[in-house]
Amino acid sequence: MPELPEVETVRQGLAPFLVGSRIVRVELRRKDLRFPFPEHFAGRLEGRRIVALNRRAKYLLAMLDDDQVLIAHLGMSGSFRMEAGAIGAFKFPRDKNPAHDHVVISLETGCLTYNDPRRFGFMTLAATDTLAEHPFFVGLGVEPLSNDFSGQTLARLFAGKTTSLKAALLDQRNVAGLGNIYVCEALHRAGLSPLRAAGGLTGAASEILARTVRAVLREAIEAGGSSLRDHRQADGALGYFQHNFRVYDREGQACANPDCRGTIIRRAQNGRSTFYCPNCQG
DNA sequence: CTCGTCCCCTGGGAGC
DNA sequence: TGCTCCCAGGGGACGA
């Protein structure tokens, strides 16, 4: 699911409701998601005020007023939904208990529900000042929308690597936040074959690739992300970047590049589907 | 290092 | 309708 643009869309949608709001009650409807919830999870959240809502790679980070961070990862199918309402006025999802609503967080500003059919997502708590050393974050690569990301960065990261461009971009230790969709889309826009060795990139190609990665992420965020099955914006609205896919899930269709008469193909790389145009991606 | 494979889990779609 | 099989925005463990 959720790659960087979807997580960022969720962050932007939730921030107006969460930042400055106090957590009133936390209801856990099971003892675990991908991992067990930490000890006293609900109790450690209740009464806390959220002072900022940040994102690192595909992680959402709710900074709390006691210098703890609520870390949330959406896995493949996780989503948050915010139902705004004054305190006392919002309703805990009462009668209906939708099968995959696993966490319900009541705030002064409304009700935040975490839904995750496949339960590959998770939530945990960490101390703010140790976040950089936390196992989830210590090995994470560069943020592709930060000033640290450039063609030079890519060239340095990929130098000497024999692995494919596809695998190198998907590896969160290099660039953090890209997933299968946006790697495929960026490589197509850059005119680069996903099969090429990452270490063989020229300086010019690195620049183009860095630019297209940023462009495709920015456009996707602008579009509210890509809604395939599970992704929703925080208010429940669908993202619409999936209509702008040029290769992802377009096997057998004509290449979207107007100068190209190729046909999109799908092939497995590192156990995941890669979509690309063998004609214009060299 | 890099690869393939299997795993976590549920659901949707294709094909029979 | 129903069954089986394959596939899915992620990530990690393990062995070759």
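**Close-up views of a predicted protein–DNA model**

**View 1. Strand β4 seen from both faces.** Gln68, Leu70 and Ala72 point one way from β4, while Val69, Ile71 and His73 point the other way, and all are buried. Buried here means under 20% relative accessible area, with exposed over 50% and partly exposed in between (1.4 Å probe, protein chains only). Six of the six residues of β4 (residues 68-73) are buried, so the strand is largely enclosed by the rest of the structure. Strands (E, at least two residues) and helices (H or I, at least four) are DSSP runs numbered from the N terminus.

A quick note before the next views: this is a predicted model, in which local features need pLDDT of at least 70 and side-chain atom pairs count only at pLDDT 80 or more, whereas totals for chains, interfaces and linings use all residues. Residues are numbered from 1 along each chain as its sequence is written, chains are lettered from A and ligands numbered from 1 in the order in which they are written, and side-chain values use heavy atoms, leaving out hydrogens and water.

**View 2. The sheet that holds β4.** Here four strands form an open, antiparallel sheet in the order β2-β3-β4-β8. At the edges stand β2 (50-56) and β8 (122-127), each with a single partner strand, so one side of each is left without a neighbour in the sheet. Direction ignored, neighbouring strands of this sheet are turned by 20° against each other on average. Two strands count as paired if DSSP finds at least two bridges between them.

View 3. Antiparallel β2 and β3 (residues 59-64) are joined by six bridges, and Arg55 stands opposite Leu60 in β3. Five bridges then link β3 to β4, again antiparallel, with Ala62 facing its bridge partner Leu70. The hairpin of β3 and β4 has three residues between the strands, and Asp67 takes a positive phi near 65° there.

**View 4. A second open sheet.** Four strands in the order β1-β6-β7-β5 make up this open sheet, with antiparallel pairing. Its edge strands, β1 (23-28) and β5 (79-84), each pair on one side only. From one strand to the next the twist averages 15°. Five bridges hold the antiparallel pair of β1 and β6 (residues 101-107), and Arg25 stands opposite Ser106 in β6.

**View 5. Helix α1 on the strands.** Helix α1 (residues 4-18) lies across β5, β6 and β7 (110-115), running at about 35° to β5. Axes are lines fitted to C-alpha atoms, for helices over the stretch in contact (heavy atoms within 4.5 Å), and angles run from 0 to 180 degrees between N-to-C directions.

**View 6. Around DNA strand B.** Which residues surround DNA strand B? They are His100, Pro117, Arg118, Arg119, Phe120, Lys161, Thr162, Thr163, Ser164 and Asn270, where near means a heavy atom within 4 Å. Sugar and phosphate account for 69% of the atoms of DNA strand B that come within 4 Å of the protein.

**View 7. Distances to phosphate oxygens of DNA strand B.** For Thr163, a side-chain N or O atom is 2.6 Å from a phosphate oxygen, while Thr162 places a backbone N or O atom 3.3 Å from one.

Technical notes: A polar contact is a pair of N or O atoms within 3.5 Å; within protein, one must be able to donate a hydrogen and the other to accept it, and residues adjacent in sequence count only if both atoms are side-chain atoms.
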